[in-house]
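Q: I have a structure open and want to learn how to read its contacts. Can you take me through them?

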Amino acid sequence: MKRTVLIALALLPVSLATASDDPIAQRQDLMSETREALKPLIGISRGQADFDAETVSASLAVFANTAEKAPALFPEGSETGGDTEAKATIWSDRDGFDQRFQDFAEAVAAAQAANIASAEELGPKLQDVLGTCKGCHDNYRVEKE
Amino acid sequence: MKRWLFFLALLALAGWWLTRPVGFAPGDVSERTAGHVPDLANGERLFNAGGCASCHGRIEDGKPQRDIMAGGLEMTSPVGTFRAPNISPHPDQGIGGWTALEFLDAMQRGVSPQGRHYYPAFPYASYARMEATDLLDLKAYLDGLPASDHVVGGHELSFPYSLRRGIGLWKRLYLDADPVIEVASGDAVLERGRYLVEGPGHCGECHTPRNFAQAMDPGRWLGGAPNPEGEGRVPNITPGRASFGDWSADDIAYYLESGVDPDFDVVGGSMVAVQENMARLDAADREAIAAYLKALPPVE
């Protein structure tokens, strides 16, 4: 027990350092968390998992967190590097990009306010949220394969 | 000397002959469409499968819309900027009043009613594989959309690409209405998938690498290509790429329906518009596309 705490403490500064230094890694982590949060919602909407209100609200909370934190993680100077899939248009059309985050935040807030109570109700709200993920990925993200 | 001039003249004449725009013979089209009654629901299906709105839709918020085919989208390419024309049923600015033959010549032979070549930025090299009756249905659907008098400017291309005549030679070499990939004959699902992908869906226009003459390389069909928009790549969608070969047919069909891949990543780039069109097709059509992609010869 003590040992794990020590190891954790030893690792802490390192991860903090990489996290605070590298907006590219930070935003990719945030998007990966978003992907993880999407997983159970897809399972429910496809009828592969039972509806669970707590799971849904937990996932939506992760989305809301992404919408809040991510815009600050695309500063000038982070256009290239790592294996970033961020497109140059983010910096040439900053207003458009920020607007897409706004659209995303609004779709998530609308889903949260709807008090979704069944898989049938989740379907259309999830479509709206996914529409805003795509609405940003189409112009501001690029596949590198 | 005289002899040289003679040969040069002959060569020029041959070139003129070889590059001339060739439409369909009217009898050929009427034979293929005899007695056909246009089916609007099928026309809408082909409008979606063909992605017409993704290029010709009126522009709002920088993105083409699906309601009015007013045109105006600017497409940048290494040879210059193309502008998608107005294909709404407006009699002057659009294609209102075109005959079925004129429409088929444009869609499959790349020839305008004035007898000029179209650039292959208009994906007629794929639409050439469509059924004539499907195109009549599509035309009937387009004729029912709202007319727009929006005037679209011309293309801005560098020399010699600004000369349309040269496209004639390109067409002689590469315009081919035959299927690209052999599928088990009699397999209706694979044949439907092939039709949708190789014809209206024009998937090869982005996913297939091009040769020096900018023609799709049938030997590396759907094997991935540089992104024509500049940054990044359009992925290999044959079973030859391990990370895509792992997708089940069901995964592919669900991706086309929702835009979510098996890793729960969400579609991006120019594929978003394609996916949103695919989402409007019948589930059976998405399943047919998935079956065809799974059956493709792998490209490493």
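Q: How many residues does the contact take from chain A and from chain B?

A: Some ground rules come first. This is a predicted model, where local features need pLDDT of at least 70, side-chain atom pairs count only at pLDDT 80 or more, and totals for chains, interfaces and linings use all residues. Residues are numbered from 1 along each chain as written, chains are lettered from A in the order written, and side-chain values use heavy atoms, without hydrogens and water. Contact means heavy atoms within 4.5 Å. Here 22 residues come from chain A and 25 residues from chain B.

Q: What area do chain A and chain B bury between them?

A: Buried area is the accessible area (1.4 Å probe) that two parts lose on being put together, summed over both. For chain A and chain B that is about 2100 Å², with 53% of it on carbon and sulfur atoms.

Q: How many salt bridges are counted between chain A and chain B?

A: Look for a side-chain nitrogen of Lys or Arg within 4 Å of a carboxyl oxygen of Asp or Glu. The count between the chains is four. One salt bridge joins B:Glu276 and A:Lys134, at 3.9 Å from N to O.

Q: Which element gives the largest share of the side of chain A that touches chain B?

A: Elements are DSSP runs numbered from the N terminus: helices (H or I) of at least four residues, strands (E) of at least two. Helix 2 (23-45) and helix 6 (119-140) of chain A each give two or more residues to that side. Helix 6 of chain A gives the largest share, seven residues.

Q: How many aromatic pairs does the structure hold?

A: Rings of Phe, Tyr and Trp (its six-membered ring) pair if their centres lie within 6.5 Å; planes under 30 degrees apart are stacked, over 60 edge-to-face, the rest tilted. The structure holds 14 such pairs over all chains. A:Phe63 and A:Phe104 form a tilted one, 6.3 Å centre to centre with 45° between the planes. This pair links distant parts of the chain: A:Phe63 is in helix 3 (residues 53-69) and A:Phe104 in helix 5 (residues 94-113) of chain A, 41 residues apart.

Q: Is A:Phe63 buried or exposed?

A: Buried means under 20% relative accessible area, exposed over 50%, partly exposed in between (1.4 Å probe, protein chains only). A:Phe63 has 3%, so it is buried. A:Phe104 is buried too, at 7%.

Q: Why is the pair of A:Phe97 and A:Phe101 edge-to-face?

A: Their ring planes are at 75°, with the centres 5.1 Å apart, so the pair is edge-to-face. An α-helix has 3.6 residues a turn, so residues three or four places apart point the same way. A:Phe97 and A:Phe101 lie four residues apart in helix 5 of chain A, about one turn. Ring pairs link A:Phe74, A:Trp91, A:Phe97, A:Phe101 and A:Tyr140 into a cluster.

Q: Which ring does the charged end of B:Arg20 sit over?

A: The test is NZ of Lys or CZ of Arg within 6 Å of the ring centre and within 35 degrees of the ring normal. The charged end of B:Arg20 sits over B:Trp17, 3.6 Å from the ring centre. B:Arg32 lies over the face of B:Phe24, at 4.9 Å.

Q: Where does B:Thr238 lie?

A: Find the loop between strand 7 (233-234) and helix 11 (242-245) of chain B. B:Thr238 is buried, with a relative accessible area of 0%. Leaving aside residues up to four places away in sequence, B:Thr238 touches several others, including B:Trp221, B:Phe244 and B:Pro297.
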